[in-house]
Amino acid sequence: MKYKGKFIVFEGPDRCGKSTQANMLNKYLTSLGFDVVITREPGGDSVAEEIRRILLDPTNTVSPMAELLLYEASRAQHTEQKIIPALEAGQIVICERYTMSSCAYQGYGRGIDMEIINRLNSIATRDVKPDLTLVFLMSDKYFTERGEYLFSDRLELEDEAFRHKMRRGYREVAAKTENAVIIDADRPVAEIEASVLEEIKKHNILEGSKTV
Ligand SMILES: Nc1ncnc2c1ncn2[C@@H]1O[C@H](COP(=O)(O)OP(=O)(O)OP(=O)(O)O)[C@@H](O)[C@H]1O
Ligand SMILES: [Mg+2]
């Protein structure tokens with residue numbers, strides 16, 4: 001189904017700059033008068049935020065399949081309660097992480113069959129597809145530099161080999177996904193922002209979008 005609004009997803013491994021760029025785009029589009037909703041996965045509404053807490057708690061041991069199902073439960077809730085209503089209302093939705101994260105983390109990272117993941121993604125999203133997915137890929141050397149001060153959550157405790165598998169996952173899945181673009185996230189913030197705006201233009205995100 002085609003919605004009036006537009007759906008932009010920021011994807012990529014931990015600390016690659018998704019929040020930084022999503023917030024900058026939100027500010028920019030809002031300053032132009034567009035009606036924007038910014039949100040993130042896992043989370044996005046109160047039930048999905050509860051699930052997020054379980055998923056990110058470093059004291060929890062979560063089996064790979066339980067982890068996938070929790071993400072998909074959170075996604076179903078978030079999509080139905082927040083994303084679809086916003087798209088129906090004609091808003092621009094900016095979302096940090098969506099289906100591609102499950103492919104990269106649970107599929108390439110943890111080795112769950114991709115057919116299972118694709119099927120669950122399709123159920124949880126009711127087949128809502130992003131109009132643009134920006135996939136941020138960053139060299140591993142920046143992982144520590146950009147997160148030194150942070151307390152690692154459960155998922156950030158994964159090692160370099162895991163992060164390598166995920167980057168490969170993102171590359172391969174992005175290549176097969178409609179309206180997905182890889183963005184070199186090693187560059188300075190302003191350069192990345194310019195690339196993001198270029199893609200917004202190329203994908204006609206602002207044409208016909210609602211202003212407040
Ligand atoms: N292009 C950049 N160059 C240098 N540092 C950056 C760049 N983009 C973001 N940072 C810094 O790197 C850190 C992580 O950035 P940010 O929180 O935006 O990443 P993220 O992908 O949202 O992370 P997470 O996966 O934890 O949500 C922050 O301290 C941020 O200020
Ligand atoms: Mg973030």
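An oxygen atom of ligand 1 sits 2.8 Å from a polar backbone atom of Ser19, a polar contact in the sense of two N or O atoms within 3.5 Å. The protein buries 71% of the 630 Å² that ligand 1 exposes when taken alone (Shrake-Rupley areas, 1.4 Å probe). Before going on, please note that this is a predicted model, in which local features need pLDDT of at least 70, side-chain atom pairs count only at pLDDT 80 or more, and totals for chains, interfaces and linings use all residues. Residues are numbered from 1 along each chain as its sequence is written, chains are lettered from A and ligands numbered from 1 in the order in which they are written, and side-chain values use heavy atoms, with hydrogens and water left out.

Now turn to the magnesium ion, ligand 2. Its protein donors are Ser19 (OG) and Glu96 (OE), 2.0 to 2.1 Å away; donors are N, O and S atoms within 2.8 Å of the metal, or 3.2 Å for Na, K and Ca, and with water not among the atoms, sites may look incomplete. Because Ser19 lies in helix α1 (residues 18–31) and Glu96 in strand β3 (residues 92–96), the pair ties together parts 77 residues apart in sequence. Helices (H or I, at least four residues) and strands (E, at least two) are DSSP runs, numbered from the N terminus. Ser19 is partly exposed at 33% relative accessibility, whereas Glu96 is buried at 17% (buried is under 20%, exposed over 50%, partly exposed in between, with a 1.4 Å probe and protein chains only).

Methods: Polar contact = N/O pair within 3.5 Å; in protein donor to acceptor, adjacent residues only side chain to side chain.
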